[in-house]
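This report describes a two-chain protein model. It treats one chain, then the contact between the two, and then selected local features.

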Amino acid sequence: MDQNNSLPPYAQGLASPQGAMTPGIPIFSPMMPYGTGLTPQPIQNTSSLSILEEQQRQQQQQQQQQQHQLFHSQTLTTAPLPGATPLYPSPLTPMTPITPATPASESSGIVPQLQNIVSTVNLGCKLDLKTIALRARNAEYNPKRFAAVIMRIREPRTTALIFSSGKMVCTGAKSEEQSRLAARKYARVVQKLGFPAKFLDFKIQNMVGSCDVKFPIRLEGLVLTHQQFSSYEPELFPGLIYRMIKPRIVLLIFVSGKVVLTGAKVRAEIYEAFENIYPILKGFRKTT
Amino acid sequence: MAYQSYRNSTLGNSLQEINFRGSLNTYRFCHNAWTFVLNDVEFREVTELVKVDKVKIVACDGKNAGSNTTE
């Protein structure tokens with residue numbers, strides 16, 4: 001590991017030469033803030049989709065990409081941390097001459113699909129839930145059990161919880177735009193019933209995605225090496241619960257290779273988290 | 001008296017099991033009463049089959065069976 005002599009001591013044991021990824025070595029250390037700095041991030045991508053597209057394009061262009069040193073977040077600033085000596089003097093020196101964007105190298109090529117989006121919006125006026133339940137279609141209101149009207153629409157297929165304060169929760173949409181559209185439809189329903197409904201502070205609170213790495217995973221091994229982040233109690237739940245720090249996403253990893261990612265506020269976090277976990281999962285692939 | 005009028009009603013005459021199947025148009029639950037509107041429903045009894053375009057079902061809990069109106 002000659003090339004890594006200039007690395008700060010805390011990162012030295014973790015860097016690996018080009019193209020090699022040693023499994024079993026704990027790459028995620030709470031002491032390692034941004035990684036080794038071995039592969040700088042010259043360009044900070046703002047759109048998550050463009051990251052993915054670029055990664056896929058690069059994967060096609062280059063067969064041999066440098067194995068990316070895995071740390072929790074790939075979209076980083078290029079500025080070195082205080083106290084850390086950067087490997088490269090200039091922030092724009094890629095290891096390989098071609099890669100302009102995040103050199104994820106061997107990016108998985110798998111895109112997590114969004115399964116559920118939860119959003120909230122404030123209709124800005126007090127509502128009479130009994131009136132809404134009696135006059136709107138597809139509404140349930142059982143104040144003894146729950147203090148909100150549960151309304152559903154078919155397109156986009158979603159469910160809304162409408163509270164008397166005027167606040168509303170919209171769940172079940174498969175994309176951000178659909179969630180917003182559905183929330184607007186509910187607001188229109190309420191408005192048509194005679195309430196002065198507005199559409200204030202629409203915010204996506206949670207996004208859930210899922211995907212399949214297509215190979216079985218050794219969860220026991222994963223929990224041993226990443227115990228700071230993982231919790232695996234097969235008697236309690238068959239999946240390993242991986243709490244990634246950056247981005248702050250919780251992943252449910254199953255033996256079958258299926259992965260569920262949740263806790264995201266934006267789509268990019270889901271994609272980022274998956275790109276972070278994929279090389280780790282590859283390292284714990286079941287060979288039998 | 002009440003029992004006789006019950007026996008004369010639709011409900012009183014259908015003592016056997018009835019199955020029905022259709023598509024749900026709308027539903028509502030308020031004041032502890034369910035209101036369903038179904039479309040293209042087939043009411044199936046052992047003896048006969050009745051097809052109907054639209055049916056509204058109003059139902060509530062209780063020992064005494066909920067009211068059941070069709071149109």
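In this predicted model, chain B has 71 residues, of which 18% are buried. Chain B contains two helices and three strands, and from the N terminus on these elements follow the order α-α-β-β-β. Among the contacts in chain B with a separation of 6 or more, 19% are between residues 24 or more positions apart.

**The interface of chain A and chain B**

The size of an interface is often given as the accessible area lost when the parts come together. Between chain A and chain B about 1,100 Å² is buried, and carbon and sulfur atoms account for 45% of it. On the side of chain A, A:Leu134, A:Asn138 and A:Glu140 supply 35% of the area that this chain buries against chain B, which is more than any other three residues. The contact draws on 14 residues from chain A and ten residues from chain B.

How many salt bridges does the rule find across the interface of chain A and chain B? The number is zero. Polar contacts, in contrast, are present: ten residue pairs are in polar contact between chain A and chain B, both residues of a pair being at pLDDT 80 or more.

In chain A, the elements α3 (129–135) and β2 (139–141) each supply at least two residues of the side that touches chain B. The most comes from α3(A), which gives four residues. By residue class, the side of chain A that touches chain B comprises five nonpolar, two polar and seven charged residues.

The two chains are also joined through strand pairing. β2(A) is linked by two bridges to strand β1 (residues 18–30) of chain B, and the two strands run parallel. In this pairing, A:Ala139 has B:Arg28 in β1(B) as its bridge partner.

A:Glu140 belongs to strand β2 of chain A. Is A:Glu140 buried or exposed? Its relative accessible area is 15%, so A:Glu140 is buried. The side chain of A:Glu140 makes a polar contact with the side chain of A:Arg152, at 2.7 Å. Leaving aside residues up to four places away in sequence, A:Glu140 touches A:Ala148, A:Val149, A:Ile150 and A:Arg152 in chain A, together with B:Tyr27, B:Phe29 and B:Trp34 in chain B.

A:Asn138 is located in the loop between α3 and β2 of chain A. Its relative accessibility is 11%, and A:Asn138 therefore counts as buried. The backbone of A:Asn138 has a phi near 55 degrees, a positive value in a residue other than glycine.

**A second residue with positive phi**

In chain B, B:His31 has a phi near 55 degrees, likewise a positive value in a residue other than glycine. B:His31 is placed in the loop between β1 and β2 (33–45) of chain B. Its relative accessibility is 52%; because the limit for exposed residues is over 50%, B:His31 counts as exposed.

**Strand pairing within chain A**

Within chain A, strand β5 (residues 167–173) is paired with strand β1 (residues 113–122) by six bridges, in an antiparallel arrangement. In this pair, the bridge partner of A:Ile117 is A:Ala173 in β5(A). β5(A) is also joined to strand β4 (residues 158–163) of chain A, here by four bridges and again antiparallel. Opposite A:Thr159 stands A:Thr171 in β5(A). β4(A) and β5(A) form a hairpin with three residues between them. In the turn of this hairpin, A:Gly166 has a positive phi of about 105 degrees.

| Cis peptide bond | Omega | Location of the proline |
|---|---|---|
| A:Glu155 to A:Pro156 | near -5 degrees | A:Pro156, loop between β3 (148–153) and β4 of chain A |
| A:Lys246 to A:Pro247 | about 0 degrees | A:Pro247, loop between β8 (240–244) and β9 (249–253) of chain A |

Key. Residues numbered from 1 in each chain as written. Chains lettered and ligands numbered in written order. Predicted model: local features only at pLDDT ≥ 70, side-chain atom pairs only at ≥ 80, totals over all residues. Heavy atoms only, no water. Contact = heavy atoms within 4.5 Å. Buried area = accessible area lost by both parts, 1.4 Å probe. Salt bridge = Lys/Arg side-chain N within 4 Å of Asp/Glu carboxyl O. Polar contact = N/O pair within 3.5 Å; in protein donor to acceptor, adjacent residues only side chain to side chain. Nonpolar A, V, L, I, M, F, W, Y, C, P; charged D, E, K, R; others polar. Pairing = 2+ DSSP bridges. Buried < 20%, exposed > 50% of the residue type's maximum accessible area, 1.4 Å probe, protein only.
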